[in-house]
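This report describes a single protein chain in plain terms. Please look over the sequence and the structure before reading on.

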Amino acid sequence: YGSLRNYFSGKELDSVMNYPFRTALLEFYRWEKNSSQTMRALVSLYDHYPHENFYSNMNLLDSHDRKRILTALGDLRPDEGLSEAEREAFELSEEALELAKKRLLAATTFQIAFPGVPTIYYGDETGMQGLEDPYNRGPMNWDDIDEEIFEHYKSVLDYRNNSDVLKKGDFTPLWTEDDVLAYKRSYKDQSVLALINRSPYANTTLDLSEHGTFGWDVLSGQLFDLSETTLDPLEGRIIEIEEKGDQDG
């Protein structure tokens with residue numbers, strides 16, 4: 001509650017729900033923080049937690065006591081002025097929902113690659129909406145699934161479950177331009193880059209050649225020249241790379 005505490009002294013907790021992770025991403029998408037400020041907030045977790053606890057943090061985008069992440073990403077305004085009836089019936093407009101979906105796909109990609117344990121609140125994988133408690137606790141409706149969101153969750157989680165580099169890999173923040181958030185994970189001879197572009201309007205091209213010559217988007221299979229890695233508006237990617245030393249050898 002706003003204070004540093006000694007939870008990880010060896011006698012209390014092995015892990016915590018990583019609310020600061022969620023807060024950092026939402027502040028990034030609200031343009032309250034640029035990429036450097038957001039990355040510093042994430043690195044502060046790495047600095048404050050013992051290594052084992054950092055890698056067991058339960059990284060969440062959503063929970064029972066927060067606005068549904070899809071709703072939050074599509075409607076970034078405060079909702080204190082709504083009546084209870086309006087809060088209960090609230091749904092994103094078609095335009096806001098489309099924006100929220102693109103942000104969610106990128107944020108989820110970023111989430112599953114981050115050190116720790118990706119923690120999914122029920123219904124996020126099907127596209128459930130809802131304002132804060134109790135309107136974020138609706139019953140699961142398997143007859144109303146957003147297939148694009150559902151298939152994305154299946155793909156990224158399947159990749160994560162079969163990836164040693166995402167489970168055990170070192171974490172290296174990358175310092176990029178304001179609209180791009182990025183980091184590197186490395187384990188033995190494996191490395192991946194995780195990137196999101198928050199701009200709804202502009203492509204971004206990055207020179208990532210210091211990390212390797214080429215790489216593959218793990219979801220689409222697209223091959224990249226890492227000296228010219230392009231992110232479309234609101235896009236998130238996980239890119240497998242080969243280390244320069246391996247290529248030279």
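A salt bridge is a side-chain nitrogen of Lys or Arg within 4 Å of a carboxyl oxygen of Asp or Glu. By this rule, a search of the whole structure finds 11 salt bridges.

The model is predicted: local features need pLDDT of at least 70 and side-chain atom pairs count only at pLDDT 80 or more, while totals for chains, interfaces and linings use all residues. Residues are numbered from 1 along each chain as its sequence is written, and side-chain values use heavy atoms, with hydrogens and water left out.

**Overall form**

The protein chain has 9 helices and 10 strands. Its radius of gyration is 18 Å, close to the 18 Å that the globule rule gives for 249 residues, so the protein chain is as compact as a globular protein of that length. This radius is taken over C-alpha atoms, and the globule rule is 2.2 Å times the number of residues to the power 0.38. Helices (H or I, at least four residues) and strands (E, at least two) are DSSP runs, numbered from the N terminus. Along its principal axes, the C-alpha trace spans about 65 × 45 × 35 Å.

Of the 249 residues, 46% count as buried. Buried means under 20% relative accessible area, exposed over 50%, and partly exposed in between (1.4 Å probe, protein chains only). Residues 24 or more positions apart account for 67% of the contacts with a separation of 6 or more, where contact means heavy atoms within 4.5 Å.

**Salt bridges**

| Pair | N to O distance | Relative accessibility |
|---|---|---|
| R68 and D124 | 3.0 Å | R68 0%, D124 4% |
| D133 and R137 | 3.0 Å | D133 38%, R137 42% |
| D179 and R198 | 2.8 Å | D179 23%, R198 4% |

Take the pair R68 and D124, which forms a salt bridge. R68 lies in the loop between strand 1 (58-60) and helix 4 (69-74), and D124 in the loop between strand 2 (117-119) and helix 7 (147-161), so the pair ties together parts that are 56 residues apart in sequence. R68 counts as buried, and D124 counts as buried too.

The side chains of D179 and R198 also meet in a salt bridge. D179 lies in the loop between strand 3 (170-174) and strand 4 (180-187), and R198 in the loop between strand 5 (190-197) and strand 6 (204-206), so this pair ties together parts that are 19 residues apart in sequence. D179 counts as partly exposed, whereas R198 is buried.

In the pair D133 and R137, D133 counts as partly exposed, and R137 is partly exposed as well. Elsewhere, K101, D146 and E148 are linked in a network of salt bridges.

**Backbone details**

P134 is found in the loop between strand 2 and helix 7.

Is K188 buried or exposed? At 72% relative accessibility, K188 counts as exposed. K188 lies in the loop between strand 4 and strand 5 and has a positive phi of about 55° although it is not a glycine. L234 has a positive phi too, near 65°, and is a residue other than glycine. L234 is found in the loop between strand 9 (229-231) and strand 10 (236-241), and it is buried, with a relative accessible area of 8%.
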